[in-house]
Amino acid sequence: MAVVALVMGLHFSLFIAAKAVNAGCQCVVFDDTYGKEYGVFTSPNWPTPYEDHIDCLLYTFIGQDEDIVEVTFDEFDVQKKQNLECIYGDYVKLFLHLEETAVNEHSSWNIVLCGKIADIEQTHYSSGNSLIFEFHSDWQQGNNTGFRGTYRFLSKKLFQVDGDHVQSTLCDYHFNSSNGSLTRGRFYSPQYPSTYPQNIKCAYRFGGRTNERVKVVFEHVLLQRGDLSCT
């Protein structure tokens with residue numbers, strides 16, 4: 001298997017993962033940007049076409065305890081089977097919500113990517129301090145170049161809700177002007193900027209003083225749309 005091409009000077013380690021999707025998985029680890037704003041990762045042989053029969057190559061990003069991981073695909077060209085879902089051909093499979101820095105055949109993945117850059121969501125975030133994605137190619141040679149991207153470690157404090165968490169609830173918050181708090185603040189959905197959990201219900205209650213009005217501004221909204229109305 002070809003060695004993953006990395007920007008010169010970027011430290012990495014390559015080893016057989018003890019808790020990988022299968023025993024044959026190889027893993028390349030990124031745990032620092034070494035004073036730079038971001039680090040760089042690429043598919044094997046990039047920018048020339050990657051090989052076929054890459055059974056399991058894991059890209060593992062590990063931040064500090066109070067970090068989350070941001071991964072952005074700046075270039076993307078992974079062979080897609082015609083009229084088939086990505087999982088049946090070459091793909092990049094992302095694991096965003098990890099309780100430990102390891103995956104196996106029972107781990108729940110969040111997103112599978114294939115095709116061209118216009119076919120994918122480019123930026124993805126972990127909910128904890130680690131993120132893993134698996135790169136797989138099948139037997140069919142497609143002359144595709146793979147991917148090039150960047151990663152950053154961001155502080156969880158950047159996405160901290162300014163309200164008071166309601167005890168015994170998962171994600172209910174109160175924002176009260178009368179309790180001496182600031183006159184403005186921020187609120188986020190659970191696990192933001194990563195994908196939110198399934199089957200949740202959160203209540204955000206904003207209370208101003210008698211002579212005040214409440215102004216709520218949604219700066220970013222990305223919700224899954226169902227076959228029926230949003231309600």
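## A three-stranded open sheet

Three strands form an open sheet in the order β12-β13-β14, with mixed pairing, where a strand is a DSSP run of E of at least two residues, numbered from the N terminus, and two strands pair if DSSP finds at least two bridges between them. Strands β12 and β14 stand at the edges with a single partner strand each, so one side of each is left without a neighbour in the sheet. This is a predicted model, in which local features need pLDDT of at least 70 and side-chain atom pairs count only at pLDDT 80 or more, while totals for chains, interfaces and linings use all residues. Residues are numbered from 1 along each chain as its sequence is written, and side-chain values use heavy atoms, with hydrogens and water left out.

Strand β12 (residues 164-165) runs antiparallel to β13 and is joined to it by two bridges, and Asp164 has His174 of β13 as its bridge partner. On the other pairing, β13 and β14 (residues 204-207) run parallel and are joined by four bridges; here Tyr173 stands opposite Tyr204, and Asn176 has Gly207 as its bridge partner. Buried here means under 20% relative accessible area, exposed means over 50%, and partly exposed lies in between (1.4 Å probe, protein chains only).

## The chain as a whole

The protein chain has 14 strands and zero helices, a helix being a DSSP run of H or I of at least four residues. Of its 231 residues, 39% are buried. Among the contacts with a separation of 6 or more, 77% are between residues 24 or more positions apart, where contact means heavy atoms within 4.5 Å.

The structure holds three disulfides, each a pair of cysteine sulfur atoms within 2.5 Å. In the link of Cys25 and Cys56 the sulfur atoms are 1.9 Å apart; Cys25 lies in the loop between β1 and β2 and Cys56 in the loop between β3 and β4, so the pair ties together parts that are 31 residues apart in sequence. Another disulfide joins Cys86 to Cys114, with 2.0 Å from S to S, and both of these cysteines are buried.

Cys171 and Cys202 form a disulfide with their sulfur atoms 1.8 Å apart, and it links the loop between β12 and β13 to the loop between β13 and β14. Cys171 counts as buried at 3% relative accessibility, whereas Cys202 counts as partly exposed at 24%. The sulfur of Cys27 is 8.7 Å from the closest cysteine sulfur, in Cys25, which is too far for a bond.
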